[in-house]
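Me: I have a protein model open and would like to learn how to read it. Could we go through it together, one feature at a time?

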Amino acid sequence: MADKGKLARYHRRRDFSKTAEPEGGSGGRSAGGPPSYVVQIHDARSMHFDFRLEADGVLKSFAVPKGPSKDPQDKRFATPTEDHPLAYRDFEGVIPQGEYGGGTVIVWDEGTYRNATSDRDGHEVPLAEALHQGHASFRLDGRKLHGGYALTRIRSAGEGEREAWLLVKEADEQAAPAGTPDPRRARSARTGRTLGQVAAAARSGGERG
Ligand code: MN
């Protein structure tokens, strides 16, 4: 169980008697091996992608309205959101309307990553520390996304302003001119389903959440 402190905001925002989102836990995977990442598509009040990297026993999370792009020319705006439990990488389903984040979620992409952030002496900076400092670079090895990406803070939280970051593909052999597919047509890396199909399954009572 990740420590409660890191997930306090996550817990405060949710009523687990109403949402099927996980309260905590690792999702049953053993520790060791490369850390994981997940990209979910979340059809909430506004459509967005949720980009989450495993670090320090939680998923460090960013909402990315247009989603990650494979094109290094695309600078995708990203906003940090609260740390999520590791088990969230398995969540696909419907958050009830009226609850925090109400709407449908699919696992669009998942995989592992390798931290590639180093300080000016060339020493690796742990990912959570790198994010704290405002710049992290990492290589994704996923079902859909591959190669180097960087997250860079472009604005600190200020009076009434949230932190702003950019998620950008690095120019490497995995870069491609294609952007991100239309979220309404995109399919789950887990189940092949679209947002609409997951929502319909939930309506028909075919699945919890
Ligand atoms: Mn979201």
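**Reading the model**

Reply: Let's begin with a helix: in α3 (residues 195–203), the buried residues are Leu195, Val198, Ala199, Ala201 and Ala202. Because they cover an arc of only 160 degrees around the axis, they sit on the same side of α3. The arc is taken from the directions that run from the helix axis to the C-beta atoms. Buried means under 20% relative accessible area, exposed means over 50%, and partly exposed lies in between (1.4 Å probe, protein chains only). Helices (H or I, at least four residues) and strands (E, at least two) are DSSP runs, numbered from the N terminus.

Before we go on, this is a predicted model, where local features need pLDDT of at least 70 and side-chain atom pairs count only at pLDDT 80 or more, while totals for chains, interfaces and linings use all residues. Residues are numbered from 1 along each chain as its sequence is written, and side-chain values use heavy atoms, with hydrogens and water left out.

Me: What do the buried residues of α3 pack against?

Reply: Contact means heavy atoms within 4.5 Å. Here the partners are β1 (36–43), β2 (47–55), β5 (93–95) and β6 (103–115). Just after α3, Gly205 has a positive phi of about 75 degrees.

Me: Which residues are the protein donors of the manganese ion?

Reply: Donors are N, O and S atoms within 2.8 Å of the metal (3.2 Å for Na, K and Ca); water is not among the atoms, so sites may look incomplete. In this model they are His42 (ND1), His48 (NE2) and Asp50 (OD), lying 2.1 to 2.3 Å from the ion. Along the chain, the donors follow the spacing H-x5-H-x1-D. His42 and Asp50 are both buried.

Me: Is Val125 buried or exposed?

Reply: Val125 counts as buried because its relative accessibility is 8%. You will find Val125 in the loop between β6 and α2 (127–133). Leaving out residues up to four places away in sequence, Val125 touches Asn115, Thr117, Ser118, Asp119, Ala130 and Gln133.

Me: How do I read strand pairing, and in which sense do β7 and β8 pair?

Reply: Two strands pair if DSSP finds at least two bridges between them. Strands β7 (residues 135–142) and β8 (residues 146–155) pair in the antiparallel sense over seven bridges, forming a hairpin with three residues between them. Asp141 has His146 in β8 as its bridge partner.

Me: Which residue in β9 is the bridge partner of Thr152?

Reply: That is Leu166. β8 and β9 (residues 164–169) pair in the antiparallel sense over six bridges.
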